[in-house]
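The following note sets out numbered points on the structure shown below.

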Amino acid sequence: MKIAAIVGSNRKDSYNLKLAEYVKKTYSHCLDIEVIQLNNLPFYNQDIENNPSKEVQDFIQQVASADAVLWVTPEYNYSIPGVLKNAIDWLSRGEKVLIGKPSWIMGASMGTLGTVRAQIHLRDILFSPGVSSPLLPLNEVFVGQVHEKMDQSGNLVHEPTKQFLDIVVDNFVKWYHAEFASKK
């Protein structure tokens, strides 16, 4: 299964980027994950919507060609980062490549709650009419206090978190095959 992992942080040493890379490496036996960073994506602008830059076209194609999307987001001011909202704005226009494409969400932060509030907002956005991306229910991944659960190389070292990720990945694969694989 091909997964577009969209990282909502453009920070070089982002914990969320490290989390996406960890998931890519750890679950390569069952998921083909392409980690997508948003650093070069220009701001959405309706004036150029019908003739977007190559960066926008490539980004939309990466997501369109994936079977599902993994959103990996930090939390900024109790919500999602602007770069992530901008990416969704591009994806919700034109071909609207997210409609019907299954999604799942995870996020990491140094705070206790992980990215709970950001994920609530992201869920609302993903349910909007131009997006309509079905979400894996009841499998939220909030990696709170990530700086204590991840080593310098970006590997999770906290066994309960690793075990929970194993369950969520398994749940996602089963959900995808039960609900979406036969419809392709």
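How many bridges join strand 4 to strand 5, and in which sense do these strands run? The points below take up this question; the model is a predicted one.

1. Strand 4 and strand 5. Three bridges join strand 4 to strand 5, and the two strands run parallel. Within this pairing, A108 stands opposite V143 of strand 5.

2. Five strands make up an open sheet with the order 2-1-3-4-5, and the pairing is parallel. Strand 2 and strand 5 each have a single partner strand and stand at the edges, so one side of each lacks a neighbour in the sheet. From one strand to the next, the twist averages 20°.

3. Strand 3 and its partners. Strand 3 pairs with strand 1 in the parallel sense over five bridges, and V72 in strand 3 is the bridge partner of V7. Strand 3 is also joined to strand 4, with which it runs parallel, by four bridges. Here the bridge partner of V69 is S103 in strand 4.

4. Burial of strand 3. Is strand 3 largely enclosed or left open, and why? Five of the five residues of strand 3 are buried, so the strand is largely enclosed by the rest of the structure. A68, L70 and V72 point one way from the strand, whereas V69 and W71 point the other way, and all are buried.

5. The two faces of helix 2. Helix 2 spans residues 54-64, and its buried residues are V56, F59, I60 and V63. These residues lie on the same side of helix 2 because they cover an arc of only 95° around the axis. K54 and Q61, on the other side of the helix, are exposed. The buried residues of helix 2 pack against strand 1 (2-7), strand 2 (32-36), strand 3 (68-72) and helix 3 (82-91).

6. Helix 2 against helix 3. These two helices pack at an angle of about 80°, and their axes are 10 Å apart. Helix 2 is therefore roughly perpendicular to helix 3. In this packing, V56, F59, I60 and V63 of helix 2 meet A87, W90 and L91 of helix 3.

7. The nonpolar cores. The largest nonpolar core contains 32 residues, and those with the most contacts inside it are L19, V23, W104, M106 and L165. Two or more residues are given to this core by each of strand 1, helix 1 (15-26), strand 2, strand 3, strand 4 (103-108), strand 5 (141-143) and helix 5 (159-179). Helix 5 provides the largest share, seven residues. V23 touches I33, L70, M106 and L165, when residues up to four places away in sequence are not counted. A second, separate core has 26 residues, including A4, L41, V56 and I80.

8. A buried loop residue. V131 is placed in the loop between helix 4 (116-126) and strand 5. Its relative accessibility is 1%, so V131 counts as buried. Which residues is V131 in contact with, leaving aside its neighbours within four places in sequence? The contacts are I88, S92, L98, I99, G100, I125 and L126. V131 and G100 are 31 residues apart in sequence, and their C-alpha atoms are 8.2 Å apart in space.

Key. Residues numbered from 1 in each chain as written. Predicted model: local features only at pLDDT ≥ 70, side-chain atom pairs only at ≥ 80, totals over all residues. Heavy atoms only, no water. Buried < 20%, exposed > 50% of the residue type's maximum accessible area, 1.4 Å probe, protein only. Arc of directions from axis to C-beta. Contact = heavy atoms within 4.5 Å. Core = buried A, V, L, I, M, F, W, Y, C linked by side-chain atoms within 4.5 Å. Pairing = 2+ DSSP bridges. Axes fitted to C-alpha atoms, helices over the stretch in contact; angles between N-to-C directions. Parallel < 35°, antiparallel > 145°, perpendicular 65-115°, else oblique.
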